[in-house]
Amino acid sequence: MDERRPDPPCERTGRGAGAASVVATVAAATALVVGLAGCSATMPAATSGAAAAGGAGAAPSGATGAADPGRASGADLWPAGAGFDYQLGGASPVPDGVTVVARDSTDEPAGAGFDICYVNGFQTQPGAIWPESLLLHDASGGLLVDPGWPDEHLFDTSTADAREALAELQAPVIDGCAAAGFDAVEFDNLDSYSRSDGALDLDDAVAFATLLVARTHQAGLAAGQKNTAELEARGRDEIGFDFAVVEECDLYSECGAFTDVYGDHVLAIEYTDDLRDTVEGLCSRESTPHSTVVRDRDLVPADDPAYSFTHC
């Protein structure tokens, strides 16, 4: 889970293999990768969701719409001002007034109206096993880790071959979200390139995100941009994202960078331990997205004493 980090701390290392070796890597990785998707995933990607029935890349039996490589329409998302909850730390009863809920890909959809499936799209989950040729390495040859999450490794999205291989490995997870009954996928850590010690850049992230979004639309799901204000309109116009999920845009004074692009289809999360001022101040600001929730930092379930939930 990618809670907002402070601004991140050049020579490219750990480059992707050639096309032939990448194809071989994908075949081997299907049996090796575990915990491919969400915050707590432990199942091998190749045996989760739709892949269990139809194999990697199979058409999902539970997709919520016809396969369509194009962008979802606003009518297929949620009405302006819909109540939102971010339940990545564990599923909870849906609070009153909430009709949009994001949950980890290993949880069931909430069924409250519009369900978003969280997938760690740009780096590994703790304990995940990936072919090293698809992961970034540092100058000494070791795996490059995310400084904010030191048990997560960054995907090497620097070459077209590696991006294609990684997207193929994510396909069963996307299909699993569709088969479970989710309406959309939120791809986390889009901004991993900014923590790559210069090995990756924004264009690498855009190229990989474009593959993930096309595959998500093919599965009949909408696709959500996560954070990354620097994308500006590229997220919608070039990649094809349908909406945005943003953390602490009020704290960092960047909400407009998302609402200018996605209008009312911005889902915003602020955290109780780092508000700019007060919940009342947040909810009264004209710049605050209409679907904003204030949660405890760890997004724990409602039966945890640390649980906190308020929405604007």
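Modeller: Phe114 is buried, at 5% relative accessible area, and Phe243 is buried as well, at 0%. Buried means under 20% relative accessible area, with a 1.4 Å probe and protein chains only. The model is predicted, so local features need pLDDT of at least 70 and side-chain atom pairs pLDDT 80 or more, while totals for chains, interfaces and linings use all residues. Residues are numbered from 1 along each chain, and side-chain values use heavy atoms, without hydrogens and water.

There are 6 aromatic pairs in the structure. Rings of Phe, Tyr and Trp (its six-membered ring) pair if their centres lie within 6.5 Å, and planes over 60 degrees apart count as edge-to-face. Phe114 and Phe243 are an edge-to-face pair, with 6.4 Å between centres and 90° between planes. Phe114 lies in strand E3 and Phe243 in strand E8, 129 residues apart. Phe122 and Phe208 also pair edge-to-face, because their centres are 5.2 Å apart and their planes at 85°. Here Phe122 sits in the loop between E3 and strand E4, and Phe208 in helix H4, 86 residues away. Helices (at least four residues) and strands (at least two) are DSSP runs, numbered from the N terminus. Both Phe122 and Phe208 are buried.

A cavity is a set of points on a 1 Å grid where a 1.4 Å probe fits but cannot get out, and lining residues have an atom within 4 Å of a point. The largest cavity holds about 30 Å³, a volume filled by probe spheres set on the points.

Note on methods:
Phe/Tyr/Trp six-rings, centres within 6.5 Å; stacked < 30°, edge-to-face > 60°. Buried < 20%, exposed > 50% of the residue type's maximum accessible area, 1.4 Å probe, protein only. 1 Å grid on protein atoms, 1.4 Å probe; cavity = no way out; pocket = protein on both sides within 12 Å on 5 of 7 lines; lining within 4 Å.
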